[in-house]
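Subject: Handover of a structure and the findings so far

Dear colleague,

Please find below the structure that I am passing on to you. My findings follow it, and I would ask you to read them with the structure open.

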Amino acid sequence: MDPRDSVRVGLVGCGFMGRTHSNAWRQAERFFPDLPVRPILQAVCARNPDEVAGFAGQWGYESTETDWRALVDRDDIDLIDIASPNDTHAEIAVAATAAGKLVSCEKPLGRTVAEAVAMVEAVEAAGVANMVWYNYRRVPAVTLAKLLVDEGRLGRVFHYRAKFLQDWTISKDVPQGGPATWRLDVDVAGSGVTGDLLAHCIDTALWLNGPIGRVSAMTETFVKERPDAVTGELRPVGIDDASAFLARFDNGSLGTFEATRYARGHKALYTLEINGEHASIAWDLHDLHRLQFFDHGDEGRLRGWRSIHVTDGDHPYMKRWWVPGLQIGYEHTFVHQAADFLASLGGGEPFHPTFRDALATDRVSDAVLASAKSERWETVAS
Ligand SMILES: NC(=O)c1ccc[n+]([C@@H]2O[C@H](COP(=O)([O-])OP(=O)(O)OC[C@H]3O[C@@H](n4cnc5c(N)ncnc54)[C@H](O)[C@@H]3O)[C@@H](O)[C@H]2O)c1
């Protein structure tokens, strides 16, 4: 095969996101057979040799590495796909770019704005294609929301509202650090729910409703000390357990955002709502194939919230899957992302979100954390 028609993927990390990415690369060419560029699962890397060998066999990678540097040095890899914890993103992305690779990276882009800026500068100076896996943009119902907003159906937007709720760290016995609970270790994660959960809400908000100018935030760390997962020693907790902020968008609308891991009963409840002059839309990750739409232009007697089952052939992405009425799920959002990225490599529509797009999200997160600390409104840097 002509190597220009394929991209040889080197994946870093074989945890939760390693699985979603591997599935995405595999399924993209099956369900998008007209893609101009075909992914090849060339190699996977993780530090534990048994973990990485088992993963390679399960997903069909041709070879393995236990040090990402060895992966980056290989001549038979075109794309480095970063699905490892946040403290690895910047170093791997910058090295991969220097080696002339294309780079895809999990969110948040960097642990800090400084890391994210270095990553953007690296990919832009090298002129390599890049993308960040903010996958919720490619839930068909969310993509449909974007089309409706862009068509002007909402008119002037007044309110944007989003929350992302979980409940898995309420017990003080949940440790920090280590392979399973690195998200609770500020040195690895960079922040708590702000960079982990709110980052998704912010990315979607910037995409649907434009830039955020100023924020006023509060954060809380409910459990102040947790055992280290490796040593068992009690250590102060540096992450935010909950984060909420008010936002002023540049288009004049007001935003409210909330994320927490302390909302008992909620496992991954991402919801968003936009209220405009003519219409409103609402979406809920637990019912992800539906978009709620209220159009004030409807005849008065029949006016009400429509619950659109986003499964028809003329809905975004859906003609690629089953017959109308049959819904798809979470993993498909990654397949859509992989397919759109491969299409862009073959000369199709430019791909978003890029590293630069994800830097904008990191800048809002940074202003949120700064505001929580200063207890003042903070301007989002541009
Ligand atoms: N897009 C999303 O919705 C979404 C969801 C979950 C996680 N994420 C992001 O994906 C990334 C990974 O999260 P996860 O939940 O898959 O984590 P995970 O803990 O399930 O998996 C991490 C993997 O990285 C490997 N790893 C760790 N350090 C490494 C190193 N130095 N070199 C090579 N491999 C290393 C681990 O062995 C493991 O296989 C994080 O940045 C996270 O924020 C994004």
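This is a predicted model: local features need pLDDT of at least 70, side-chain atom pairs count only at pLDDT 80 or more; totals for chains, interfaces and linings use all residues.

Helix H8 has a kink of about 45 degrees, and the kink is centred on Ala199.

The nonpolar core

The largest nonpolar core has 107 residues. Within this core, Val44, Ile80, Leu198 and Cys201 touch the most other members. Helix H8, residues 193-209, gives the largest share of the core, namely ten residues. The core also draws on both domains, with at least three residues from domain 1 (3-134) and at least three from domain 2 (136-379).

Leaving aside residues up to four places away in sequence, Val44 touches Leu11, Cys14, Val52, Phe55, Ala56, Tyr61 and Thr64.

The two domains

The protein chain is divided into domain 1, residues 3-134, and domain 2, residues 136-379. How far apart do the C-alpha centres of domain 1 and domain 2 lie? The distance between them is 23 Å. The contact takes 36 residues from domain 1 and 39 residues from domain 2.

On the side of domain 1 that touches domain 2, at least two residues each are supplied by H1, H4, helix H5 (113-126) and strand S6 (130-132). The largest share of that side, eight residues, comes from H1. By class, the side of domain 1 that touches domain 2 has 24 nonpolar, nine polar and three charged residues.

The ligand

Which residues are the closest to the ligand? They are Gly13, Gly15, Phe16, Met17 and Glu106, out of 23 residues that surround the ligand. Two helices, H1 (16-31) and H4 (86-98), are the elements that give two or more residues to this shell. H1 provides the largest share of the shell, with three residues. Sorted by class, the shell around the ligand consists of ten nonpolar, eight polar and five charged residues.

Arg26 lies in helix H1. Is Arg26 buried, exposed or partly exposed? There are 16 other C-beta atoms within 10 Å of Arg26. A residue is buried at 20 or more such atoms and exposed at 12 or fewer, so Arg26 is partly exposed. Arg26 and Arg38 are twelve residues apart in sequence, and their C-alpha atoms are 9.6 Å apart in space.

Val142 lies in helix H6, which covers residues 140-150. Val142 has 24 C-beta neighbours inside 10 Å and therefore counts as buried. Not counting residues up to four places away in sequence, Val142 touches Tyr136, Arg137, Thr204 and Trp283. Val142 and Leu272 are 130 residues apart in sequence, while the distance in space is 9.6 Å, C-alpha to C-alpha.

Yours sincerely,
A colleague

Terms used: Residues are numbered from 1 along each chain as its sequence is written. A nonpolar core is a set of buried Ala, Val, Leu, Ile, Met, Phe, Trp, Tyr and Cys residues joined through C-beta atoms within 7 Å. Helices (H or I, at least four residues) and strands (E, at least two) are DSSP runs, numbered from the N terminus. Domain bounds come from an automatic or database domain assignment. Two residues are in contact if their C-beta atoms, placed from the backbone, lie within 7 Å. A residue is near a molecule or strand if its C-beta atom, placed from the backbone, lies within 6 Å of it. Ala, Val, Leu, Ile, Met, Phe, Trp, Tyr, Cys and Pro count as nonpolar, Asp, Glu, Lys and Arg as charged, and the others, Gly among them, as polar. The bend at a residue is the angle between axes fitted to the seven residues ending there and the seven starting there.
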